[in-house]
Amino acid sequence: MDLVLRHSWFLLKGAYYTLNITLVSMSAGLVLGLFIALARLYGARWLQLIARTYVSMMRGTPLLVKVFIVYYGLPDLGIILNPLPAAYIALTMDASAYLSEALRGSILSVNKGQMDAALSLQMSPWLAMRRVILPQAARIAIPPVGNTFIGMLKQTSLVSVITVTELLRSAQLMIAQYYVVMPFYLSVALLYWIMSSFFSHVLGRLEARLGKAY
């Protein structure tokens with residue numbers, strides 16, 4: 001473990017990249033997922049069909065396959081991406097499909113009378129959605145969205161295959177240099193557990209706080 005402690009800065013740098021990839025992809029996935037959810041609920045029929053097909057394709061294919069398609073497949077079309085942007089795109093695509101379903105279900109869970117009441121106050125449908133429906137849906141969506149976030153935090157390890165130096169890749173580089181395996185992998189597991197536990201606690205507090213607000 002002394003070797004791990006001497007190179008802890010390198011593992012912590014990898015953990016920083018893991019958090020960076022997770023937060024960026026999750027944020028982009030939430031925006032795209034909300035658009036997809038609204039498209040499925042209120043869009044024209046052709047838009048609903050596109051949204052359903054997208055969700056089906058993203059949920060029906062492994063994340064690793066999407067990583068390979070974005071990083072190794074797009075160059076066939078003349079689109080060459082560095083490893084980090086490729087990781088962002090692949091993870092965003094994957095997360096957006098799951099988040100869209102979580103958000104869609106949360107919106108449907110809000111009592112329909114809430115929209116009727118907002119419209120009776122002369123609110124436009126979009127204003128009613130933004131000020132009345134979405135805030136209530138956000139509280140309902142926190143548990144599934146939180147689960148997606150924790151899952152993505154761990155799935156970032158897959159982008160090590162395209163040489164993104166996140167947490168797992170950092171450990172692999174140390175192992176290749178020193179030929180010591182167990183201490184580095186145990187340290188990786190510990191750091192993932194610490195990060196997952198921290199964000200689970202934060203999301204739990206946020207859910208409790210919103211529960212009091214509504």
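T148 touches M26, Y98 and L99, residues up to four places away in sequence not being counted; contact means heavy atoms within 4.5 Å. T148 lies in helix α7. It is buried, at a relative accessible area of 17% (buried is under 20%, exposed over 50%, partly exposed in between, with a 1.4 Å probe and protein chains only). The model is predicted, so local features need pLDDT of at least 70 and side-chain atom pairs pLDDT 80 or more, while totals for chains, interfaces and linings use all residues. Residues are numbered from 1 along each chain, and side-chain values use heavy atoms, without hydrogens or water.

Helix α5 (residues 83-109) and helix α7 (residues 125-155) come within 8 Å, axis to axis, and cross at roughly 150°. Helices are DSSP runs of H or I, at least four residues long, numbered from the N terminus. Axes are lines fitted to C-alpha atoms over the stretch in contact, and angles run from 0 to 180 degrees between N-to-C directions. α5 is therefore roughly antiparallel to α7 (over 145 degrees). Among the residues that make the contact are Y98 and L99 of α5 and T148 of α7. The contact residues divide into 15 nonpolar, four polar and one charged (nonpolar: Ala, Val, Leu, Ile, Met, Phe, Trp, Tyr, Cys and Pro; charged: Asp, Glu, Lys and Arg; polar: the others, Gly among them).

In helix α4 (residues 63-73), L63, K66, V67, V70 and Y71 are buried. They lie on the same side of α4, because they cover an arc of only 115° around the axis (taken from the directions from the helix axis to the C-beta atoms). An α-helix has 3.6 residues a turn, so residues three or four places apart point the same way. The buried residues of α4 pack against α3 (45-59), α5 and α7.

Definitions and conventions. Helices (H or I, at least four residues) and strands (E, at least two) are DSSP runs, numbered from the N terminus. Angles under 35 degrees count as roughly parallel, over 145 as roughly antiparallel, 65 to 115 as roughly perpendicular and the rest as oblique.
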